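Let's walk through this structure together, one region at a time. Please have the viewer ready so that you can follow along.

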Amino acid sequence: MTQAAYFVVIGLGVGSVYALSGLGIVTLFAGSGLANFAQGDFMVLGALVAVNVVGAGFGYLPALATAVVVVAAAGLVLGGLFTLPMRHRRVDVDVVIIGTLGVATTMTTLSGIWFGRQPQRLDSPLAGAFIPIGDLQVPAHYALLLAGAALVFGAVHWFHRHTDVGLQLRAVASSVPAARDAGVRVGRMLVVAWTIAALVGGVAGVLVASVVPIAPEAALPLGVNGFAAAIIGGLASPAGAVVGGLLIGVAEALAGGYLNDTLRQAVAPVVLLAVLILRPGGLLGRTRTVRVA
Amino acid sequence: MTVVASPPRPAPSVRTTRHWRWTQPAIVLLVGAVVLLVVRPGPFDLRVLTLVAAYAIAAVGFNVLVGFAGVVSIGNSLFLAAGGYAWAILAVPRGPLVALLAGVVVAVVIAVLAGLALLRLRAYYFAVGTLALGALGTVVMRNWTSVTNGDAGITGAGYLKLFGLTGVSSIFAAAVLLLAVFLYLQEALRTSPLGLAMIVGRFDPPVADALGVNVSRTRVAAFVLSAVSAAVGGALVAQLAGGAFPDQFSTTAAISLLVIPIIGGRGWRWAPVVGAIVVIAAPEYLRFLDEYRLAVYGVLVTLVALFLPGGIHQLVRGLVARVGRRRHG
Amino acid sequence: MRPLRRTGLAAAVLTAAAVLAACSTGTDASTQPTPAAAAPGNAITIGIDLPLSGPSAAPAESMRKGFELTAKEINDAGGVNGTPIALDIQDDAGDPTTGVALVDRFVQNGAVAIAGTYNSPVVLAQSDAVARAQIPQLAFAISSAITKKNNPWVFQTGPTDLGQIDGIVARLKSQGLTKPALLTDTTAFGAGAKPVLEQGLAAAGLTPVLSDTFAVDATDLSAVLLKAKQSGADHVIAWTVGPPYATLAKGAEQVGLGLPIVGTASAADPAVARLAGPAATNIFFQDAVNREKPQVKAIVEKWSGEFGGTVPSDALSAHDILTVIVDGIRAVGPDRAKLRDHLETYRNPNLLSGRIGSVWEYSPTNHVGLVGGNLVWKQYDNGTVRLADGS
């Protein structure tokens, strides 16, 4: 029983990593209708900036602040870039995918040149603290991640639901022409959506770096796991991303604990495929099926 | 609000012009023969050219999938792997024909099952679903050691011996020949009822319905075709590497396959070849950029995606139009 | 809508099928080797093949730096008999197809020898191409599957997995440990070593009480260590590359493992201490480099600024590899075949790798430079590395 509880808690911690990554993807999608395959790179950029700020002798919070500013700036630039063509025409799914994949390749390579390719870790102030479960110990970092995921979720949810800009963003995501007719300045909103997604990625990256070794090459797996979480949840729903991420995390931890680590690796794709086959719109998404592309 | 990519423009030029179906295969065969007999490139250049041809073959099916049917998959590395592993396991004991066909059959079975299960999904959902499928494939390749020998891979795969050639020259000849066949099939498909049904289903579903086209069935058909051509391409990749390894058929390979037809121009008949030249050969010859190589490549891909969504085809058509205008004006 | 022109289609498919049916599977390797090497007066090119992008990018980057610094030193000291050397450093991304293509690239560009690469599957895939092109290759991948190929053109730096296992068995005996829990990673590194390890342990009369695998990119490995703890083992043998040792160390702390973890030479990666902090404790490994050696100390002092602290063993290995190649070229000139022949007589007691007094030595029957038993046992103790007790 102790063991089961331990695995569930570990799974929630690891799942928070996926949830945080997924939240960034959902934030952009819900605000622009774009899926960003470079979200993992936002996280890595944030983490590596923070590692260097801490390395220069500053504290955790200044590092977090710097990371968020740098990543948000990167999001602003990319937002501008991706908004230019969207002003004039619909952007196809395949074009968005390879466009953001190109960004991912570029960012991974540049991060490697600027920050080196050695994996880095960033201790939060909770380093060395543990939560005992029986004779097993859960690092307090995991609790921090869970709290972080909840906080980011709350912020994104509040922003989308209770601010004017959030409302406009959701209008853009559901239909660009309709939003434009209603007086929304679509281009500006798209840039805002990118910046906020990057901001979420920056915070997520700094938090995650206390548990996951961060190297530029970690961006792709982080992004892919985030996509799994986001898609399971329904892609446009922040709550879905959190649920999806935690679901994969716990399933993985249980599979690793009671079966073996090989099967653990298959958990994320299998859960994702199962959800897509049984509920094509994701757990918290609309189940209506629409034609592809 | 129309898309600038090649097929959507209702301009009659693209759809109704029928190219003589043998033009493309003939050009490919001719260029292949010239390269092999006259140019005689060095071993590295020949290898890169062969890899370009192998990926072009794999991309023909992908061009049909993305360009005709409008479906985006990030999991086609799985079909490359099916072809590659079937070749590595069967070519030496059972001969090349069995090995090629076995890879194709495995790929088709997977594609039919996955297509039926996933193709009703919306765009990003299907893309990420196939991404998961590819990831699952990698886990299987790594861990089903009795068949795949795990991460150490299968070596000593042998190659297709043609016209008494040896080594890479022979693989190159085989790749060019197969590429010619696949390009012929692509052109034949475009003008066939099935091909037209795909294109109508992509751009005007209501009309497709009215015409009695079963859109989901044409999508599955396109997905299966993409699996067939990827399996053949994968067999050639395995020959070039002398074996099959999980690292060959990773997500990176699936992404390359996706980028090829888009860079070339979705649906354009030359897109697989032109795209493969850019995606496979360009990074090899960008090696002088050293560590910035992949950064430059990434920027190029992004810029094409954003500002040239019709790919190189768009450039070509622009140039042709400008020349034509000058001539008439 | 015009129907598919069936005759044309059938003709095309039939032609292709006929051609394919008439052909066979070739397995020979009969391409002509390109007569090699630099024209006199030009720089001597050495091909360096590294997985600079992809999952092995971190150690590859250390090696790259090591190669570049070494080359600079050699050229500053007058090069090889007055001719400078030039490194052709290329990225194979850990992909075998690219790795094989790079062999041809190096040959085409007139490289005298190839140093690389890091991943065993890539080296195995390159084997035929290297033999065909007749270019000597110094591979630092450690799989004994490479050794077993007996390719006359391929040399390993060593020690291979086999050599390391000998050292591990010897240590277990001396420490009176009898019940191993065997954990291997699912990359080629661990999967390739697993059968070799099981054989080696069986030969020494040791039966693992647990044999399990783990993924190197797992965030948390405490589950597999919990299994090891409950298996009744008295030590854990963990076979993986670099950073995952940090994940294992943290997992061990979480489950209160309390057993020694015996690892590979790549546990020496400075990333382990950086990632695990004080949790990195009770991990034992054989380091390829003894940092007490005077020549190692000298280099480390010179290079530590370049690496911002600890100089990784990978960079020092790179120094050795380039030294071996350049020594060979110095002796017989930039000729691939002569260099290969010379390497089979190569013997050097002064390289950085290996314990004090060990000798890097090749012979016609042995293409592994540093055989087992030449390494130094070290251990992590609260996040720092020190010589292991009883070594």
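Among the contacts in chain C with a separation of 6 or more, 67% are between residues 24 or more positions apart.

Look now for the open sheet of chain C, where five strands pair in parallel in the order β3-β2-β4-β5-β6. At its edges you will find β3 (85-91) and β6 (154-156) of chain C, each of which pairs on one side only. From one strand to the next, the twist averages 25°. Strand β2 (residues 44-50) of chain C runs parallel to β3(C), and seven bridges join the two. To find your place in this pair, look for Thr45(C), which stands opposite Ala86(C) in β3(C).

Helix α4 (residues 120-133) of chain C lies across β2, β5 (137-139) and β6 of chain C, and its angle to β5(C) is about 170°.

How many of its six residues are buried? Five of them are, so β14(C) is largely enclosed by the rest of the structure. Strand β14(C) has an antiparallel pairing with strand β11 (residues 283-287) of chain C, over five bridges. Within that pairing, Phe284(C) has Gln379(C) in β14(C) as its bridge partner. Strand β14(C) also pairs with strand β15 (residues 384-387) of chain C, again in the antiparallel sense, this time over four bridges. Here Asp381(C) stands opposite Thr384(C) in β15(C). The hairpin of β14(C) and β15(C) has two residues between the strands, and Asn382(C) takes a positive phi near 50° there.

Next come the nonpolar cores. The largest has 243 residues, and those touching the most other members are Phe37(A), Ile97(A), Val208(A), Tyr55(B), Trp87(B) and Tyr124(B). Helix α3 (residues 43-68) of chain B gives the most to this core, with 18 residues. A second core of 33 residues is separate, and includes Ile48(C), Ala71(C), Tyr118(C) and Leu351(C).

Over in chain A, helix α2 (residues 39-55) has 17 residues and reaches 24 Å from its first C-alpha to its last, close to the 24 Å expected. Is α2(A) mostly covered or mostly exposed? It is mostly covered, with 14 of its 17 residues buried. Just after α2(A), Gly57(A) takes a positive phi of about 100°.

Finally, a word on confidence in chain B. Its mean pLDDT is 82, and 93% of its residues reach 70 or more. Confidence in chain B is highest in helix α5 (residues 96-118), at 91, and lowest in helix α1 (residues 12-16), at a mean of 41. Over residues 1-16 of chain B, pLDDT stays under 50, although the model has 37 contacts beyond four places in sequence for this stretch. Where pLDDT is low, the predicted coordinates should not be read in detail.

Definitions and conventions:
Residues numbered from 1 in each chain as written. Chains lettered and ligands numbered in written order. Predicted model: local features only at pLDDT ≥ 70, side-chain atom pairs only at ≥ 80, totals over all residues. Heavy atoms only, no water. Expected span 1.5 Å × (residues − 1). Buried < 20%, exposed > 50% of the residue type's maximum accessible area, 1.4 Å probe, protein only. Pairing = 2+ DSSP bridges. Axes fitted to C-alpha atoms, helices over the stretch in contact; angles between N-to-C directions. Contact = heavy atoms within 4.5 Å. Core = buried A, V, L, I, M, F, W, Y, C linked by side-chain atoms within 4.5 Å. pLDDT = per-residue confidence, 0-100.
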